[in-house]
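Please open the model in your viewer and keep the selection tool ready.

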Amino acid sequence: RGEILALSFMGLTMQQLGNLPKALELAFKALEIAKTYHLERLTGAALNAIGETYIILKDYPKAVHYLHVQKSNAEAYGSEEGLAYSNYDLGVAFKEMNQLDSSLFYEQQSIVHFQKINREEPLVYAALGDIEMKSGKNVEALKFYKKSLQSSLTNNERRASASAYNKIAIFF
């Protein structure tokens, strides 16, 4: 159990640091161990790391596949956090494929699941801002970017606040 979780979160960390081959290696190793010991309920973070890595690599069909597996597992095992993050990342993947209706649907679903765990995720608001920008609704986009910034500052989330500042700067 500990090895699965450690490898999963190491995979997420490697993905965020930009070491994508290592991120995939660690996350797939976590999946392999989970399958061997029938501990699939512990694979949410590994599946998320794989999905996010494939988004970065612009392999959206693979990203969507692994994120749907994460979402299915989260539904099966009752993980609101897993549902929140899988929906958020599915929204990002669909946004990158310019399927804005699908993207909006998944981002709205992620907000519902984050609310169930009393969490406001600033990156969701940034994604909603991106959707609005791609839709030509610049005023609405800026509102979401500012909401992302406010949420990240309130929760002292420096990575999210840096992202929100960057989105606002690009906007102007």
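Predicted model: local features only at pLDDT ≥ 70, side-chain atom pairs only at ≥ 80, totals over all residues.

Start by selecting Arg41, which counts as partly exposed because its relative accessibility is 43%; partly exposed sits between buried, under 20% relative accessible area, and exposed, over 50% (1.4 Å probe, protein chains only). Arg41 is found in the loop between helix H2 (20-36) and H3; helices here are DSSP runs (H or I, at least four residues), numbered from the N terminus. Now show its surroundings: leaving out residues up to four places away in sequence, Arg41 touches Arg1 and Tyr77, where contact means heavy atoms within 4.5 Å.

Residues are numbered from 1 along each chain as its sequence is written, and side-chain values use heavy atoms, with hydrogens and water left out.

Next, pick Ser8 in helix H1. Is Ser8 buried or exposed? Ser8 has a relative accessible area of 0%, so it is buried. Not counting residues up to four places away in sequence, Ser8 touches Ala30, Leu42, Ala45, Ala46 and Ala49.

From here, move to the largest nonpolar core, which has 41 residues. Such a core is a set of buried Ala, Val, Leu, Ile, Met, Phe, Trp, Tyr and Cys residues joined through side-chain atoms within 4.5 Å. Select Ile4, Ile50 and Ile55, the residues with the most contacts inside the largest core. Two or more residues of this core come from each of H1, H2, H3, H4, H5, helix H6 (100-116) and H7. Zoom in on Ile50: apart from neighbours within four places in sequence, Ile50 is in contact with Leu24, Ala27, Phe28, Leu31 and Tyr66. For a second, separate core of 6 residues, select Ala141, Tyr145, Leu149 and Ala164, which are among its members.

Now for the rings. The whole structure has 6 aromatic pairs; rings of Phe, Tyr and Trp (its six-membered ring) pair if their centres lie within 6.5 Å, and planes under 30 degrees apart count as stacked, over 60 as edge-to-face and the rest as tilted. Select Tyr54 and Tyr66, a stacked pair at 6.0 Å centre to centre with 20 degrees between the planes. Tyr54 belongs to helix H3 and Tyr66 to helix H4, so the pair ties together parts that are 12 residues apart in sequence. Both Tyr54 and Tyr66 are buried.

Then turn to Phe105 and Tyr106, an edge-to-face pair because their planes are at 75 degrees, with ring centres 5.2 Å apart. Phe105 counts as partly exposed because its relative accessibility is 44%, whereas Tyr106, at 12%, counts as buried.
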